[in-house]
Structures are given as structure tokens and as C-alpha cells.
Amino acid sequence: MSEFQKAMQIATSGMIAQNVRIRVIAQNIANAESLATEPGGKPYQRQTVSFKSAMDRASGAEVVKVGNIGVDRSPFGRQFDPGHPAADENGYVLLPNVKPLIEMVDLRQAQRSYEANLRVIDVARTMVARTIDLLR
Amino acid sequence: MTTSMSTAINAYVDAVQRVGAGGESPAKTPGGNFADLVKSIGENALEAGNKADQMTLSAIDGQANIAEVVTAVANAELALQTVVAVRDQVVSAYQEILRMPI
């Protein structure tokens, strides 16, 4: 496998990792108002994603993989709403610990990272194609 | 694609040197003859093309990531371009010899 192909493979792994990240962010944003169904229950807990580098044995390239998808243990929000079906005995409803602003910044970061990897593929491809063009 | 593109280029350089040497039997030169060269780069391109096909099919099934498909197709395309470029050069060198006044 040529170095260019390795570069493209590594960039692809980066794009796939960002795909997973986008999925988790979408999940968080969509569930930003998902509350508990029974009184005093827990609402949706924000999920986090972490990346790790991994050696690809076939090509000897250091690719990126999704480490694990964990949960954010920061405290839930509370709102006084005694009429709500999920309200506890004091009349409080727990709100998910998703902050739309943070999710948006994360989303933008994922987008930028995806674009950077895309650019690497584009450049590697153009370099190979231009080299082949020398023969023409 | 196990053999890299630079191998194909090296093979092409060998082929050109062989043509330039003139009168030398191709079978005696190291690195195989012209048929082997064409066969090996053709096989490489075929392999890359097959992989691209596989990835496309599994993407239709929803199993492969679109990024993987694009990379596989780009690899196949580059391999094919290499084969075509090398072939064109070798054929034009051959035609050049045919045009030689006797």
C-alpha cells in the first residue's frame, strides 16, 4: 500500500469517527427536552464520545477510532412544575443536562474536523493524479 | 492494491530501458518481461476495482460508510489511471519503433 493510500485511509477513519460524533450530537440535541415518564424519574442524560488512535495492522497506519460513548454526569436541571406527570413529591421536574449551545459548538467542531479530513483525501488524490498526468 | 504505484512506474522505467537498449531479448532482462508488467498492473487495478464494487454494494445494504466507499472508488480510479497512462506510453514507444525507417 502506497503512502498516499495510507494517508487516504487515515483520513477516511477520521471522517468515520466524526460521523459517530455527529450521530451522538444529533441524539443529544433531539433529546434535549426528553423528560422522565414516571414521577421522580431521570430525564435523558447527555452522551459524550471520545476518540483514540489505533494501529491498523493491515497497512501499518495509525488510524483514529471511536473510544467509547459515555454519559455526561453533570447535574440535571430542575424546574418547578407540579402538574407534570414526571414531577416528584415536591413538584420538581428534572431536565436533561444537555446544553444546546455546547452541542452547537461541538457540531461545528465535528464539521470542521470532517472538512479537514476531506481536504487531506482531496490533496492526496490530486497529487497522485497529477503525478500520473506526467506520463501523458 | 499490494504493489504500490511507484512499482508500476519502476516497471515502466524498466520497460523503456529495455526498448532503448534495442536488440536485447526481453526474457533476459531482470524484473520480468513486458507481458508480466502489463499483467501485474492490470491485476492491481482489477483488485482495486473489485474492492470498490464490494464497498458500493455494502453501502447500498447500509453496512459501509460513505467515506469508505468514496476512498475505495478513488483508489480504483487512480489505479486504473495508472494502468491507462503506462499502457499509452508503452504503446506509443512501440509505435515509434514501428515507424523507424528500414
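In what order do the elements of chain B run from the N terminus on? The elements of chain B run α-α-α, and its secondary structure comprises 3 helices and 0 strands; here helices (H or I, at least four residues) and strands (E, at least two) are DSSP runs, numbered from the N terminus. The model is predicted: local features need pLDDT of at least 70, side-chain atom pairs count only at pLDDT 80 or more, and totals for chains, interfaces and linings use all residues. Residues are numbered from 1 along each chain as its sequence is written, while chains are lettered from A and ligands numbered from 1 in the order in which they are written.

Chain A contains 2 helices and 4 strands, arranged along the sequence as α-β-β-β-β-α. The C-alpha trace of chain A spans about 80 × 25 × 20 Å along its principal axes. Its radius of gyration is 22 Å, whereas a compact globule of 136 residues would have a value near 14 Å (taken over C-alpha atoms, with the globule rule being 2.2 Å times the number of residues to the power 0.38). Of the 136 residues of chain A, 25% count as buried, a class that requires 20 or more other C-beta atoms within 10 Å of the residue's own, with C-beta atoms placed from the backbone. Contacts were assigned where the C-beta atoms of two residues, placed from the backbone, lie within 7 Å. Among the contacts in chain A between residues at least 6 apart in sequence, 62% join residues at least 24 apart.

Within chain A, the axes of α1(A) and α2(A) come within 9 Å and cross at roughly 160 degrees (axes are lines fitted to C-alpha atoms, for helices over the stretch in contact, and angles run from 0 to 180 degrees between N-to-C directions). The two helices α1(A) and α2(A) are therefore roughly antiparallel, a term applied to angles over 145 degrees. The contact of α1(A) with α2(A) comprises 18 nonpolar, 5 polar and 3 charged residues; Ala, Val, Leu, Ile, Met, Phe, Trp, Tyr, Cys and Pro count as nonpolar, Asp, Glu, Lys and Arg as charged, and the others, Gly among them, as polar.

In chain B, 25% of the 102 residues count as buried. Residues 24 or more positions apart account for 61% of the contacts in chain B with a separation of 6 or more. Helices α2 (residues 34-60) and α3 of chain B pack at an angle of about 155 degrees, with their axes 8 Å apart; α2(B) and α3(B) are therefore roughly antiparallel to each other. Their contact includes B:I41, B:A45 and B:A52 of α2(B), together with B:V69, B:A76 and B:V83 of α3(B), among others. By class, the residues of this contact divide into 15 nonpolar, 6 polar and 2 charged.

Between the chains, 16 residues of chain A are in contact with 16 residues of chain B. The elements giving two or more residues to this side of chain A are α1 (3-30) and α2 (100-133), and the largest share, 7 residues, comes from α1(A). The side of chain A that touches chain B divides into 9 nonpolar, 5 polar and 2 charged residues.

The axes of α2(A) and helix α3 (residues 66-98) of chain B come within 10 Å and cross at roughly 10 degrees. This makes α2(A) roughly parallel to α3(B), the term for angles under 35 degrees. In this pairing, A:I121, A:R125, A:V128, A:A129 and A:I132 of α2(A) meet B:T71, B:A74, B:L78, B:Q81, B:T82 and B:A85 of α3(B). The contact of α2(A) with α3(B) has 7 nonpolar, 3 polar and 1 charged residues.

Methods
A residue is buried if 20 or more other C-beta atoms lie within 10 Å of its own, exposed if 12 or fewer, and partly exposed in between; C-beta atoms are placed from the backbone. Angles under 35 degrees count as roughly parallel, over 145 as roughly antiparallel, 65 to 115 as roughly perpendicular and the rest as oblique.
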